[in-house]
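Biologist: I have a new model open and would like to learn how to read it. Could you walk me through a few features?

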Amino acid sequence: MKLIEQIQKGESKTLELKEALPKNEKIAKTVIAFSNTSGGKLIVGVNNNREITGINDDELFEIQDSIASIITDNCSPGIMPEIYSVNVEGKLLLVIEIVRGNLKPYFLKSQGKSEGTYVRIGATNRLADLDTIAELERQKRHVSFDEEICFDFAFDQLDISPVLQRFENIGKPMNEDKLRNLKLIKTENGKNYPTNALVILLGKLPHCTVKCARFKGTTMDVFIDKKEYGGDIFSILENSQNFVLNHINLKAEIEGLYRKETYEIPVVALRESLVNALIHRDYVNQGRDVKVGIYDDIVNIVSPGSLPSNITIEDIFNGRSEARNRVIAHIFKELGLIEQWGSGINRIINACKELGLPSPKIEEKNDFFDVEIIRPVPINISLEGEPSANDYERLRTIMNDYERLTKEKQDILLYILDNNKISRKEAAELIGLKNTKTYEILTELVEENLVEKHGQGRSTFYTIAKEGKV
């Protein structure tokens, strides 16, 4: 992606924008946060509206030297950034590019590791707590949390039959050696202990639960039904899936002599989303759990924990796989609950498309992961006068998406239906927002395949997408 496109998308987990050079400590905090998380770029010469203001080229080399000194003097272990300038739209930008570090945790020298370690959450730098610092230490050792011993339980006091039964069912009986090879038990001072993975699989920790709710309408104001599922992770998976299936619609089709019933959303997409939530969630943070919400328009699955620090949202759409909980993920793979590494997200998307639904909304939001599967809710969109055949064709392109959109997006789509197209200026005047925010909304509509972009610069205009969401 070009630098200007990154800037237009705004600040994120891997991008920070500044109009002027920040103070010493702020630069160091950002560099440390990027090093501890997924790497990133700090770009100087862009204002809060994402407009290119540039820097004074007479001061370029002085600024570069200053930044290098700030990072060297304030950051530990040592961080080697790439500092360079880029000419964009005739103006000079300074880019400080940081790769994800291998010597984590990185911290401010003046504050020490426990008080000066920062991580990147969304578009902000946050002070790391002790659990996060411990996770960074594990990353340096290439060890996941679920591989470590859980000394709170003695292995011989645990009922591990839920795990043994699952392997029995697929013809893979377990013994102590196999459990050890799978890193479900470890020996310390001659005594067997479960790893965190085994304790999680058995549901022995209080936060190893899934909370499910069916809400009235499209908000969380009123719930119709709710359940909280605990116990072993396999039962949680089945119970959560059944809760959703009990609260969504069935549709029937006649195929030959037989009546075939299917759910309004693909079961494979639902199950894959639940599996991902259970095996990739952050189990270190004991104050949160997985939440499943069913609304009139969507099924929403929220899993605590952002993506692992060495992977981005773009990576997962490209099929890259990285397990936060390596042992649990391996167990699910052995049991056939995961088909192929890195295929889950695309399987969710493709299953929805095959059923004629819009692509699900899959996002990393700050420190949790969010999946929204769109339900096929019928809607009515009124037009002034008698709609033409062309109007109906356009309406079909947005029928599945219209109701869940923000008012600004709805207004833009209806304007295009009445006028065939809309310019950026017209859109800004219509919804009453600044040009930058309006451009962001239009870009989102393009990415959602609801509108098409035509032309360049001031001559840019937008029309309804010819094929709509598929």
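This is a predicted model: local features need pLDDT of at least 70, side-chain atom pairs count only at pLDDT 80 or more; totals for chains, interfaces and linings use all residues.

Biologist: Let's begin with helices. At what angle do α2 and α3 pack?

Modeller: Helix α2 (residues 24-36) and helix α3 (residues 60-74) cross at about 70°, and their axes are 9 Å apart. Angles of 65 to 115 degrees count as roughly perpendicular, so α2 is roughly perpendicular to α3.

Biologist: Which residues of α2 and α3 meet?

Modeller: From α2 come N24, I27, A28 and V31, and from α3 come I67, I70, I71 and N74. By class, this contact has 6 nonpolar residues, 2 polar and no charged.

Biologist: Now another pair: how do α15 and α17 pack?

Modeller: Helix α15 (residues 407-419) packs on helix α17 (residues 435-447) at an angle of about 70°, with 11 Å between the axes. These helices are therefore roughly perpendicular to each other. On the α15 side you will find E408, K409 and I412, which meet I441, L442, E444 and L445 of α17. The classes here are 4 nonpolar, no polar and 3 charged.

Biologist: On to sheets. What is the strand order in the sheet of 6 strands?

Modeller: Reading across, the order is β12-β11-β15-β16-β18-β17; the sheet is open and its pairing is mixed. To find the edges, look for strands that pair on one side only: here they are β12 (223-229) and β17 (361-365). From one strand to the next, the twist averages 15°.

Biologist: In which sense do β15 and β16 pair?

Modeller: Strand β15 (residues 290-294) and strand β16 (residues 298-304) are antiparallel, with 4 bridges.

Biologist: Which helix lies across β16?

Modeller: That is helix α10 (residues 267-280), which runs at about 15° to β16 and also lies across β11 (210-215), β15 and β18 (368-374).

Biologist: Last, the hairpin. How many residues lie between β7 and β8?

Modeller: There are 2 residues between the strands, and G122 in this hairpin has a positive phi near 60°. Strand β7 pairs with strand β8 (residues 124-127) in the antiparallel sense over 4 bridges, and Y118 has L127 of β8 as its bridge partner.

Biologist: Are the side chains of β7 buried or exposed?

Modeller: Check both faces of the strand: Y118 and R120 point one way from β7 (residues 118-121), V119 and I121 point the other way, and all are buried.

Methods:
Residues are numbered from 1 along each chain as its sequence is written. Side-chain values use heavy atoms; hydrogens and water are left out. Axes are lines fitted to C-alpha atoms, for helices over the stretch in contact, and angles run from 0 to 180 degrees between N-to-C directions. Angles under 35 degrees count as roughly parallel, over 145 as roughly antiparallel, 65 to 115 as roughly perpendicular and the rest as oblique. Contact means heavy atoms within 4.5 Å. Ala, Val, Leu, Ile, Met, Phe, Trp, Tyr, Cys and Pro count as nonpolar, Asp, Glu, Lys and Arg as charged, and the others, Gly among them, as polar. Two strands pair if DSSP finds at least two bridges between them. Buried means under 20% relative accessible area, exposed over 50%, partly exposed in between (1.4 Å probe, protein chains only).
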